[in-house]
Structures are given as structure tokens and as C-alpha cells.
Amino acid sequence: MNFFPYSPIEIPRQENGLIAADGESLRMFWRNVEAELAEEISGGIGCYIFSIRAGKGSLPWYVGLAERQSFRKECFTSHKINHYNNAITGRQGTPLLTLIPKLTQNGKFVNPTGGMHRDIQLLEKMLISNCLSRNKNL
């Protein structure tokens, strides 16, 4: 089981404070992710954490997995955007996304195959448990 947690990356907001989820904003976000973190990471699978950075640290609000489809397709579905917007509404801070992709033995990103990955499911459970200790409203 090979995973690598990348540094959190800022999610852009609209003027009203909600997540900028239109097509162009998301394309720019993923271009930024690949420029800052690693090329081709958006096509990978693994776990991800949505958090809000404010003050001295960040607080996790959602843990998810991208198992049957890539991060690019999974992280910003309408269901996820609703979760993120509910978390940031009325709060100060910067929304962040942390990607934890699954890697091959050669360090390449594992791409979705449509199947299940027990190791990703186990990592998600562990991350949820850990994040719940920081935020009972996860």
C-alpha cells in the first residue's frame, strides 16, 4: 500500500464566499494543482480531505475517496460542493483540498479502473477516524 499526502492546496471561492464550481474555475484549479503538486495527479485515485485553514491551523470537514473515478471527477461533484459550502458558510478561513494519491511501486499515480481498492477504503476509514478526533462535526 503506497500513498503520498501532498500539501493542501487552496480552493477558489466566488465573491459570495462559496466554492467556485463553474467549469472554468475548476479547470483553472486542476491546472494549478498539477503545476504546484505534480503533473497527472488529477487523474489519480486515492483519498482526499477538505479542510478550512484559519488562525493557527486547519480543521478537516470532509474525507472522501476517489476509487472508481479520478480526483478530477470525484472531488467536486455537486454532492461534495454542497458539503464544502455548508462547511464554509458563515466561517472565516481558506478552503483547502489535500490529495493523498495511491502510487504504484514505481511511484506513478494509479489510475481508475472502475474497480474497488480495499487499501483506499481502509485509508479513508483511518483518515475519518483521525479527523473526527479534530472535528466532531466532520
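This is a predicted model: local features need pLDDT of at least 70, side-chain atom pairs count only at pLDDT 80 or more; totals for chains, interfaces and linings use all residues.
How many bridges join β1 to strand β4? Two bridges do so, and the strands, with β4 covering residues 94-101, run antiparallel.

Step back and you can see an open sheet of four strands with antiparallel pairing, in the order β1-β4-β2-β3. Its edge strands, β1 (9-10) and β3 (57-66), each pair on one side only. Helix α3 (residues 78-88) packs on this sheet and touches β2 (46-54), β3 and β4, with a direction about 20° from that of β2.

The largest nonpolar core holds 27 residues, and W30, F50, C75, F76, Y84, L97 and L99 have the most contacts inside it. Two or more residues come from each of α1 (23-36), β2, β3, α3 and β4. Another core lies apart from it, with 11 residues, including I49, I100, V110 and L127.

Aromatic rings are worth a visit too, with nine aromatic pairs in the count. Here are two of them:

| Pair | Centre to centre | Angle between planes | Arrangement |
|---|---|---|---|
| F4 and Y6 | 4.8 Å | 80° | edge-to-face |
| F29 and F76 | 5.2 Å | 80° | edge-to-face |

F29 sits in helix α1 and F76 in the loop between α2 (71-74) and α3, so their pair ties together parts 47 residues apart in sequence. Both F29 and F76 are buried. In the other pair, F4 is partly exposed at 42% relative accessibility, whereas Y6 is buried at 17%. Finally, F29, W30, Y48, F50, Y62, F76 and Y84 form one aromatic cluster.

How values were computed: Residues are numbered from 1 along each chain as its sequence is written. Side-chain values use heavy atoms; hydrogens and water are left out. Two strands pair if DSSP finds at least two bridges between them. Contact means heavy atoms within 4.5 Å. Axes are lines fitted to C-alpha atoms, for helices over the stretch in contact, and angles run from 0 to 180 degrees between N-to-C directions. A nonpolar core is a set of buried Ala, Val, Leu, Ile, Met, Phe, Trp, Tyr and Cys residues joined through side-chain atoms within 4.5 Å. Buried means under 20% relative accessible area, exposed over 50%, partly exposed in between (1.4 Å probe, protein chains only). Rings of Phe, Tyr and Trp (its six-membered ring) pair if their centres lie within 6.5 Å; planes under 30 degrees apart count as stacked, over 60 as edge-to-face and the rest as tilted.
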